[in-house]
Amino acid sequence: MNASGAVVDVSNVCWSERIAPLGERSPRLGRLDLLCEAWRRSRGERAPLTLIADGSLRYQLPRPERRRLEAMAHAGEIRLAPTADPELLSLARDQGLYVVSRDQFLDLRRAHPWIPSAAARFLAWQQGPNGLEFVPSGVRDVTEQRKSRAEEAKELIRGSGIDVRQTAHREVLGLDWRCPSRSCLHAMLWPERLLLWPDIARRDGTALCPGCGSPLEAAGPRPPVRVVVVSEDGTDGEILRFPLASEESVLVGRGSSTHGVNLAADDLPHPAATRRVSRSHLLLRLVGPATVDHRGTRLAVTELGSTNGTVLRPSGMRGRTRPLVPGEETVLGPDDELVLADAVRLRLSGREHFPGDRVLPDPSGPVLVEKTEFESDDPS
Ligand SMILES: [Zn+2]
């Protein structure tokens with residue numbers, strides 16, 4: 001463990017409006033100089049710093065600074081990585097370094113589960129009486145929903161240029177789109193609506209065909225779809241996940257006569273847990289405000305008088321559980337979970353955006369059950 005060594009998230013530093021020029025919303029390499037100076041002032045002249053930047057920073061800096069960045073990279077003083085975050089986290093983990101960044105790295109928490117337990121090594125900066133000073137950045141454990149939401153947001157930016165923080169971009173996500181081009185393969189495959197997200201034009205936010213680049217036509221509002229994750233409580237070993245569209249109720253239970261989600265299907269893992277679930281255990285539906293971007297959709301649950309009961313566990317990790325009253329519908333909070341029969345955990349995935357009502361495979365590899373599969377209960 002190198003007690004005073006640190007790895008610096010250079011892009012994050014260069015974009016920080018908390019370093020002079022304060023409040024200036026464009027990246028500056030001079031901010032990195034100020035930060036490195038402050039680090040050496042507080043940790044000693046020889047305190048080792050490893051600098052890692054996103055390669056894209058090169059194109060975001062003003063021209064003279066771009067040349068200086070390239071010269072630093074050439075001299076081995078800074079590393080330009082395709083994406084800096086995974087590299088700097090791996091380095092910090094392997095060498096016990098401090099991480100200097102204001103980022104919470106939510107999209108990489110599953111790949112780096114050690115982060116909350118090393119919170120003291122994550123440092124941000126602020127203006128103090130004697131210039132820049134370093135303070136804990138406040139990383140802490142977060143719910144699975146927040147992790148998957150962050151992963152999805154990152155994938156949307158990388159894949160399509162869609163930034164879920166921007167209202168105009170969220171409106172693109174709230175609609176179905178079709179390509180008007182006669183020669184486009186995507187338009188031929190999906191004449192009604194594309195099953196891929198549009199690309200977003202950087203200049204004006206126009207939705208473009210990911211196949212041919214033509215501006216797309218809106219094909220009406222996209223109905224909300226969320227994914228429900230079912231796992232063994234305690235181990236969190238995944239049993240299955242299934243899509244849930246608005247305007248439909250789904251029965252969750254066990255046995256081949258279940259019209260809905262059968263947790264006791266032959267090939268599913270953790271049979272000891274699902275065995276405790278009743279044949280018709282509970283009813284689920286998606287409720288929420290009819291906003292264009294589906295933010296705020298919630299899970300509503302009705303316990304159906306099951307033998308071993310259902311409890312609501314608030315906010316993932318904290319809070320007191322309470323048993324559900326049979327026959328009464330309860331709307332869950334965004335991070336609430338259900339525990340069926342003390343054995344099976346059920347929650348909404350943090351992923352909110354799917355192109356159309358087909359749920360695409362999750363790259364992290366969990367089981368996905370398409371609607372047509374789980375509606376026919378008996379696989380034989
Ligand atoms: Zn097209």
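Me: Buried means under 20% relative accessible area, exposed over 50%, and partly exposed in between (1.4 Å probe, protein chains only). So is L185 buried or exposed?

Reply: This is a predicted model, where local features need pLDDT of at least 70, side-chain atom pairs count only at pLDDT 80 or more, and totals for chains, interfaces and linings use all residues. Residues are numbered from 1 along each chain as its sequence is written, and side-chain values use heavy atoms, leaving out hydrogens and water. L185 sits in helix α8, residues 185-189 (helices, H or I with at least four residues, and strands, E with at least two, are DSSP runs numbered from the N terminus). Its relative accessible area is 56%, so L185 is exposed.

Me: What arrangement do the four donor atoms make around the zinc ion?

Reply: The zinc ion is held by the SG atoms of C179, C184, C209 and C212 at 2.3 to 2.4 Å (donors are N, O and S atoms within 2.8 Å of the metal, or 3.2 Å for Na, K and Ca). C179 lies in the loop between β7 and α8, and C209, 30 residues away, in the loop between β9 and β10. Both C179 and C209 are buried. With angles of 101 to 117 degrees, and four donors counting as tetrahedral if all angles lie between 85 and 135 degrees, the arrangement is tetrahedral.

Me: Which strands stand at the edges of the six-stranded sheet?

Reply: This open sheet runs β12-β11-β21-β20-β17-β18 with antiparallel pairing (two strands pair if DSSP finds at least two bridges between them). Each edge strand has a single partner, so one side of it has no neighbour in the sheet: these are β12 and β18.

Me: Which residue in β12 is the bridge partner of V228?

Reply: Strand β11, residues 225-232, pairs with β12 over seven bridges in the antiparallel sense. Across from V228, the partner in β12 is F242.

Technical notes:
Four donors count as tetrahedral if all angles lie between 85 and 135 degrees; four count as square planar and six as octahedral if opposite donors are over 155 degrees apart and all others between 65 and 115; anything else is irregular.
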